[in-house]
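Open the model in your viewer and keep the sequence panel beside it. The stops below say what to select next and what is there.

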Amino acid sequence: MRLIQNMSTIAEFATPECPSNRTIKIAVIGGSGVGKTALVVRFLTRRFIGDYERNAGNLYSREVQVDGEQAAIQVQDTPGVDVTCNGLSLPDHVTCSIQWADAVVLVYSVTDRHSFDLIGQLHQLVARAGGVNVPPVILLANKADLLHMRRVDAEQGPLLAAVLGCSFCEVSASEDYSQVHGAFHRLCCHMAKQQPQASLSSHTTTGAAEKKGRSPLIPRPKSPNMQDLKRRFKQALSAKVRTVTSV
């Protein structure tokens, strides 16, 4: 794994920085303290490091095998997003990271209800920032091993993902490498299928604005009204409760 740079100067990297014929770019976004950096490092190095300095928005790169072919994976780790009285408090360049990325990973912690409640607004941000070429999104629920601290029920993640129209996986960066690797690797495989050989590594920063076709295998984000989103989520949750009660 290489730490390329911080996110203040996001750019495309051609040979020799990324010598592969394919470059897959992923932005990881979520609230503060949900384990974004731990997930990125776990995926790229197999290691879990419990404590990190404040997230500065680093861009990591690693050569990996995707469907039997060499690819350069660039993962943009972004600072935590929060909500103020004026709405979302966005660190610099988070919107730029979404526009830069081929795919977006939204992360919340099952131990932090607030981080879960943020996801709907972050999903809308992805839809707005992506414009006509909205990147595919997956939703990850981290810290699944902390059962005694859980504040978000296991059923609520899949229900929210269904409402948003995106894939979902509950993982533990500290306990289970295979879950984390599987979620990211499936995303990389989907994106690689959409990219012809030598598709991205020759692009410049200017060319990055001309977005590629998106994978049909991972749903594109919808852009629901927040009130409508809350209503649909409550309906899905109520239906789940009724089903359990009837059983």
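**Stop 1: cysteines**

With a disulfide taken as a pair of cysteine sulfur atoms within 2.5 Å, the count comes to zero disulfides. Select Cys189: it is in no disulfide, and the nearest cysteine sulfur, that of Cys188, is 7.0 Å away. Cys189 is buried, with a relative accessible area of 12%. Here buried means under 20% relative accessible area, exposed over 50%, and partly exposed in between, using a 1.4 Å probe and protein chains only. Cys166 is also buried, at 10%.

This is a predicted model, in which local features need pLDDT of at least 70 and side-chain atom pairs count only at pLDDT 80 or more, while totals for chains, interfaces and linings use all residues. Residues are numbered from 1 along each chain as its sequence is written, and side-chain values use heavy atoms, with hydrogens and water left out.

**Stop 2: helix H6**

Select residues 177-194, which make up helix H6. Helices (H or I, at least four residues) and strands (E, at least two) are DSSP runs, numbered from the N terminus. The expected span of a helix is 1.5 Å times one less than its number of residues. For the 18 residues of H6 this gives 26 Å, and the end C-alpha atoms are 26 Å apart, which agrees. The buried residues of H6 include Tyr177, Phe184, Leu187 and Met191.

**Stop 3: strand E7**

Select residues 103-109, strand E7. Is this strand enclosed by the rest of the structure, or open? Seven of its seven residues are buried, so E7 is largely enclosed. Ala103, Val105, Val107 and Ser109 point one way, and Val104, Leu106 and Tyr108 the other.

Strand E2 (residues 23-30) pairs with E7 in the parallel sense over five bridges, and Ala27 stands opposite Val104. Strand E8 (residues 137-142) also pairs with E7 in the parallel sense, over six bridges; there Tyr108 stands opposite Ala141.

**Stop 4: salt bridges**

A salt bridge is a side-chain nitrogen of Lys or Arg within 4 Å of a carboxyl oxygen of Asp or Glu. The structure holds three.

- Arg22 and Glu69 meet at 3.1 Å, N to O. They are 47 residues apart in the chain, with Glu69 in strand E4. Arg22 is buried at 11%, whereas Glu69 is partly exposed at 32%.
- Arg113 and Asp117 have their closest N and O atoms 3.3 Å apart. Both lie in helix H3, about one turn apart.
- Arg150 and Glu170 meet at 2.8 Å, N to O. They are 20 residues apart, with Glu170 in strand E9.

Definitions and conventions
Two strands pair if DSSP finds at least two bridges between them.
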